[in-house]
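Hello,

Here is the structure I promised to pass on.

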Amino acid sequence: MSAVTFSGVEKSFGSVAALRSLDLAVPDHAFLALLGPSGCGKTTALRILAGLELPTAGKVSIGDRDVTRLQPRDRDIAMVFQSYALYPHMTVYDNIRYPLRIRNMSESECRKKVTDVAATLEIGHLLDRFPRQLSGGQRQRIALARAIVRDPAAFLMDEPLSNLDARLRMTMRGEIKRLCHSLGTTTLYVTHDQAEALTMADLVAVMRDGVLQQVAPPAEIYDQPANRFVATFVGVPPMNVLPVEFGRDGIQVAGGVLGLSDDRRTACLKAGVSDVGIRPEDVELVAPNQPNALNGEVYVVEPMGNETLVDVRVSTGRLVVRTRRGFTAAIGSAAGVAFDTHNACFFDAQGLTRVHRAPSKGGE
Amino acid sequence: MSVVARLSANVRRQGEGLDLALPYLLLAPAVLFAFAVLVYPIWDGIRASTMSYRYGKAVGWVGFDNYTRLWSDPQFLNALWVTVSFVALAVAFETVLGLALALFCANEFRGVRLLRGILIIPMVITPVVVAIVFRLIYASDAGMLTVVSQSLGGGPVEILGHPARAFLGLVALDVWEWTPLEFLILLAGIQSLPVEPFEAARVDGASPWRVLLDHTLPMLKPVLAIAIVLRTIDAFGTFDQVFVLTRGGPGEATKLLSIYGYDTAFKFQDTGYAAALFVTMGLLILAAALAAVRIMKGMTPP
Amino acid sequence: MTYRGKYLRTLSRRKLLQSAAGLAAATALPLGLTGTPARAAGGKLIIGAFADGGLTPFKEKIIPLAKAEGFDIQFLEDEYGVTLEKWFVDAQNKAGQYDLYLLDDPWVPQFGAADVLEDLGAAGIDSADTDWIGPLIDMGFWPPRKGPRIKAFQDATPKLVTVPFVGDLQTLTYRNDIYGKTAPATWDELIAKGKEGVAAGKIKYPVVFRGVTGNPIVTSWYPVFLAFGGEFFDDKWKVTFNSDKGKAAADFFVSTMKQNGPPGVVEFDSDQEGAAILGGDAGAIIQYSGNAIKSDDPKQTKVAGKLDFGIVPKVEKAIAQLGIFIAGVPKSAPNKANAVAFLKWYTSKATQAKLSEAGSIPVKRSAFEVANPGNRLIPIALKQLDAGAVPRPRTPDWGKVEELLGIELNKALQAGSGGGAALDLAAASVTAYLTKQGYY
């Protein structure tokens with residue numbers, strides 16, 4: 001078990017840069033999720049750590065060992081692949097045993113370890129089967145078993161749940177989290193699914209176009225996004241972002257005027273803020289033509305069962321409002337929207353968050 | 001209404017009349033063709049193998065005499081032995097070499113496409129031409145090997161006049177010509193394998209050698225078996241090359257069953273005996289292929 | 001229509017015509033070669049032959065003459081190795097692709113026994129003409145007029161199923177700068193003087209011959225065997241080639257001759273043998289007439305002017321093997337009458353003289369004596385005929401016999417010893433084979 005460090009790691013495929021100077025430190029025992037849209041470089045980073053790709057520049061360390069140029073087999077890591085990458089010609093037992101056999105572990109020891117792992121993952125009854133006879137969820141467990149059967153310095157997981165159906169994914173999410181927690185092994189987990197990242201990880205690293213955007217615990221990623229990309233990528237539905245202007249009494253958003261405390265106002269003006277961001281759950285619907293509110297028109301109403309999402313069109317864009325279950329409104333009817341600017345964050349023209357949500361006055 | 005009536009009068013219901021006969025009508029030409037080019041010749045060959053021929057004519061039915069005669073005919077036994085050793089040796093070399101080349105060429109590197117193209121050239125050259133070229137290489141008076149040897153101060157190199165060397169020379173020719181086929185089949189097989197299990201194996205700690213032994217070969221087994229069966233069947237029928245290179249000599253060192261059968265049928269006009277020889281040879285090939293398929297099935301996971 | 005459209009249309013039409021022409025040629029070619037030709041007017045005649053230098057004068061000089069006579073000749077040549085099977089299948093299946101085969105004479109018994117050739121005697125070829133070279137016209141009959149017959153034809157009346165076409169036989173070709181003006185009379189002289197020639201650096205080997213298994217090696221061994229006084233079969237088809245004389249010949253062949261030949265002689269066939277004499281490596285070879293015309297042509301030989309011909313050397317006798325081109329007309333010939341007419345014209349005294357002048361060995365005695373034979377070999381060939389020349393045994397099973405003998409001889413040649421033992425082995429397998437075929 002060891003910390004993992006990327007220092008200035010770059011990777012380009014021909015003229016395409018997949019990673020631009022990645023600096024990332026994963027503390028020992030931590031579970032870090034690499035989150036980002038497809039093509040953001042997260043998988044490349046993982047494969048560089050595994051040794052399946054060589055970086056164009058930079059250094060990769062596991063613990064205090066520089067592993068940048070080592071063969072995968074010399075890195076003491078275990079990896080779970082998106083496609084599970086089971087050995088199709090071997091039984092489940094032989095699949096799980098393989099990392100041990102290659103290390104010349106005695107047969108009795110192998111048997112004990114494999115049986116233990118199989119018991120943990122509840123796959124003891126599958127050991128004599130071949131991968132092709134198993135369901136997706138079962139294969140997923142075999143792949144996990146093969147990774148944890150030995151005691152590597154780090155686990156690498158490349159979108160391990162993305163081939164499973166939605167229900168199974170939620171179940172496995174919890175199981176993997178528990179498993180990694182109990183093993184305490186440093187884990188890098190690549191995913192494009194923010195729900196996985198937020199629910200499972202100790203730390204989330206958000207990436208975009210080969211550049212690391214923010215590394216932080218899940219709550220911080222959600223509450224204090226470093227920039228507009230993180231703010232809108234994380235959260236379902238995403239954060240609402242609208243252009244903002246500063247008047248004498250407060251701020252003007254889409255024709256409405258909202259109050260703003262003086263210190264936040266000063267900070268915003270100093271930073272040259274151009275947009276305001278507010279999460280759907282921090283917005284409320286009010287009657288039209290109220291003071292301290294924006295006027296708009298109901299575009300669509302989406303009942304979700306436990307809550308209702310209302311998409312409101314305002315003059316400079318749209319706002320999604322998360323409201324109570326059972327809410328109804330006619331499409332096209334007029335609506336007012338209001339929010340407390342303490343819960344908003346403010347972005348400059350480059351998209352950087354210059355003024356964060358005020359910490360003292362949180363949520364509902 | 002009259003339009004509807006007319007329409008429904010013309011409508012034929014599905015599954016009646018011509019519909020029932022149509023599949024058979026469509027199949028008939030193929031069945032007839034198969035019968036003409038496959039079933040009849042084989043049946044005729046088997047019939048001929050139970051007849052005695054003199055001066056080009058069948059003179060009587062002899063049952064299985066021709067077959068029993070084979071097993072006391074030293075020339076047949078020799079040809080059988082030569083053929084089996086030739087096939088075993090040639091196919092073994094071709095498979096190992098073809099596999100090595102395919103593994104090498106499955107990697108992407110500069111010039112690999114050109115290399116793949118060059119490697120399959122021998123296969124597309126007419127066998128007779130290959131044999132003539134090899135004769136020009138082997139000939140002890142003015143062959144390329146002799147010329148090279150003499151320019152290095154050595155004596156003439158004698159290959160085709162020496163039993164063991166002529167046999168190996170024939171094997172070498174076959175290896176040169178048909179390794180590309182194995183190469184091509186195995187390359188396609190390797191390229192169709194999934195990538196991830198190999199990456200998983202590397203991460204799990206396997207060296208390249210272990211990856212080859214533990215994963216590539218087992219996963220390639222079905223393709224390997226097909227390549228071997230195909231080449232084995234083909235190698236049993238080798239004829240042109242021997243015909244040009246040695247005519248079966250020196251002595252009977254390179255006398256394959258195909259050559260002996262050809263001579264028996266056409267030079268010695270012993271048609272029935274030759275038919276029995278070829279039927280036996282066909283059964284041997286069939287048995288070998290079935291055995292290979294069975295082994296292959298045993299190796300593939302269910 | 002625009003210019004471009006018109007251009008495109010003409011272009012595609014021309015292309016179409018071209019490909020149609022190509023297609024027509026492609027289909028016509030195999031038809032012309034293998035299809036059954038329609039019964040033609042104007043002396044149409046399809047002659048099948050195997051490629052051999054012995055037919056060159058006929059091809060170059062006599063075919064044009066025949067065409068002038070009104071014979072529309074189509075001359076189809078094939079590799080020696082495939083002609084026998086091809087023609088035999090043609091004749092047996094009555095495919096009618098040929099009017100005339102120019103056979104190798106050992107094939108006559110096979111075609112005769114299968115009864116697929118026309119009786120040319122009945123068709124009007126006169127075998128009684130005293131101008132025929134006796135041993136040659138004898139070879140045209142099946143069953144043979146002289147010597148042992150196979151059982152099935154014991155009492156049959158001999159029929160002239162084939163007509164001698166080119167009177168080829170083995171003679172000696174030797175270097176006059178080694179052996180002088182007269183040919184070496186004995187094998188001992190041939191070897192001894194040859195060694196002197198090698199020592200003097202004029203040649204590389206005293207003698208070169210064919211060592212390849214089967215027909216080639218038996219062909220080269222045969223005149224040695226005859227010289228030692230060997231007899232192949234007795235008159236009851238009992239194997240006699242492994243007599244003491246035969247064994248002595250075989251031992252001489254696989255040891256002395258091999259030691260005085262090129263190291264790779266085991267793999268030599270007629271092409272290497274010919275190259276050895278024309279290329280100046282060999283002191284002497286026994287060969288058929290194919291290379292004779294090349295012997296004076298500096299373009300085809302390095303030793304023009306140094307090659308002379310003589311009768312084969314002797315030990316007891318100086319007898320050569322006859323191996324003539326012999327013409328047969330298949331019963332299925334589409335232009336049978338033309339074939340017979342052609343043979344009558346071809347074997348006439350006048351045409352035979354022309355053949356001799358063209359450089360080919362004729363089949364009638366008068367033609368040997370023309371004033372200007374086209375080939376120095378022709379008078380020598382007559383000398384050899386008179387000194388002694390015998391055909392191979394007249395049996396349809398000769399191919400198999402030659403094969404069995406060739407295998408053993410070739411093994412002994414490879415070993416460089418054991419010729420006598422090889423003959424015993426061959427005799428056993430030949431006897432076994434002939435027994436099975438019902439000879440005894």
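The notes below go from the whole chain to its domains and then to the chain contact.

This is a predicted model: local features need pLDDT of at least 70, side-chain atom pairs count only at pLDDT 80 or more, and totals for chains, interfaces and linings use all residues. Residues are numbered from 1 along each chain as its sequence is written, while chains are lettered from A and ligands numbered from 1 in the order in which they are written.

Chain A first. Its C-alpha atoms fill a box of roughly 80 × 45 × 40 Å along the principal axes. It has 9 helices and 22 strands (DSSP runs numbered from the N terminus: H or I of at least four residues, E of at least two). Of its 364 residues, 42% are buried (20 or more other C-beta atoms within 10 Å of the residue's own, with C-beta atoms placed from the backbone).

Now the domains. Chain A splits into domain 1 (4-229) and domain 2 (233-355), with bounds from an automatic or database domain assignment. Their centres, taken over C-alpha atoms, are 38 Å apart. In chain A, 9 residues of domain 1 contact 9 of domain 2 (contact: C-beta atoms, placed from the backbone, within 7 Å). Helix 7 (218-223) and helix 8 (228-233) of chain A each supply at least two residues of the domain 1 side.

Last, the chain contact. Here 19 residues of chain A are in contact with 16 residues of chain B. Strand 6 of chain A gives the most to the chain A side, with 3 residues.

Best wishes

Definitions and conventions:
Contact = placed C-beta atoms within 7 Å. Buried ≥ 20, exposed ≤ 12 C-beta atoms within 10 Å, placed from the backbone.
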